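Morning, everyone. I have one structure to go through today, and I will keep to what can be read from it.

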Amino acid sequence: MSRYETRLEDYRRRERPSYRVFEGLQELVRSVGQLHNNWLYVNVDQWDQDPVHTPIYYWDEHWLEECAEEGTVVTNEQDEYINIPKWVPDRQVQTWFELATFESIVEVLKAAGQPVTLQMVIIAVKYYDKRDAFLDYEEVKAVTDLWSVLTKVRNHLTE
């Protein structure tokens, strides 16, 4: 099968919902490879504080345009030119990543064939967000190992 045929098969296989709300990062990670590429939206400040439990929104651009024509959207509070469906209670939601970028971050981690934790995904996503570059499994593992050692030292010093 050619690369083109493989990509076409992948394109046809993916779901194309108008919208989807992920109640947290774990749910989004489980959906990798299942959805058609669109933008993901999140309250970035809330995600920085609690990346595990912050809702993440997947909205089809054509669906958002239809909602705008129907008058069922509002603009976010960052003066970013995006429309948010009125049923979304958080007006701080803003554009975050394209789904394809998020999936690539996860796939780079999984390429090592080792178990990938949610904490590792968080580290890799935050790194990509700040530096527009990927971290591979070994780099993220080094960060988590260092964090573990520092936590043990801190706990030992406070005993």
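What percentage of the contacts in the protein chain with a separation of 6 or more comes from residues 24 or more positions apart? The figure is 52%. Keep in mind that this is a predicted model.

Some overall numbers next. The protein chain has 159 residues, and 36% of them count as buried. Its C-alpha atoms fill a box of roughly 60 × 45 × 25 Å along the principal axes. The accessible surface is about 10000 Å², and carbon and sulfur atoms account for 50% of that.

Now the elements. The chain has seven helices and six strands. In sequence order, the pattern reads α-β-α-β-α-β-α-β-β-β-α-α-α.

Four of the strands form an open sheet, in the order S1-S3-S2-S6, and the pairing is antiparallel. S1 and S6 are the edge strands, each pairing on one side only. On average, neighbouring strands in this sheet are turned by 30° against each other, ignoring direction. Look at S2 and S3: they run antiparallel and are joined by two bridges. Tyr41 stands opposite Tyr57 in S3.

Two helices lie across these strands. H5 lies across S2, S3 and S6, and runs at about 50° to S6.

On to the interior. In soluble globular proteins, nonpolar side chains tend to be buried together. Here the largest nonpolar core has 30 residues, and Leu25, Leu28, Ile56, Trp96 and Phe102 have the most contacts inside it. Elements giving two or more residues to this core include helix H2, strand S3 and helix H7. H6 supplies the largest share, eight residues.

Take Ile56 as an example. Leaving out residues up to four places away in sequence, Ile56 touches several others, among them Phe22, Leu25, Leu28, Tyr41, Trp47 and Trp96.

Last, a residue in a loop. Arg16 sits between helix H1 and strand S1. Is Arg16 buried, exposed or partly exposed? Its relative accessible area is 42%, so Arg16 is partly exposed: the value lies between the 20% and 50% cut-offs. Arg16 and Pro85 are 69 residues apart in sequence, and their C-alpha atoms are 18 Å apart in space.

That is my part done.

Definitions and conventions
Residues numbered from 1 in each chain as written. Predicted model: local features only at pLDDT ≥ 70, side-chain atom pairs only at ≥ 80, totals over all residues. Heavy atoms only, no water. Core = buried A, V, L, I, M, F, W, Y, C linked by side-chain atoms within 4.5 Å. Buried < 20%, exposed > 50% of the residue type's maximum accessible area, 1.4 Å probe, protein only. Contact = heavy atoms within 4.5 Å. Pairing = 2+ DSSP bridges. Axes fitted to C-alpha atoms, helices over the stretch in contact; angles between N-to-C directions. Areas by Shrake-Rupley, 256 points an atom, 1.4 Å probe, with all protein chains shown as cover.
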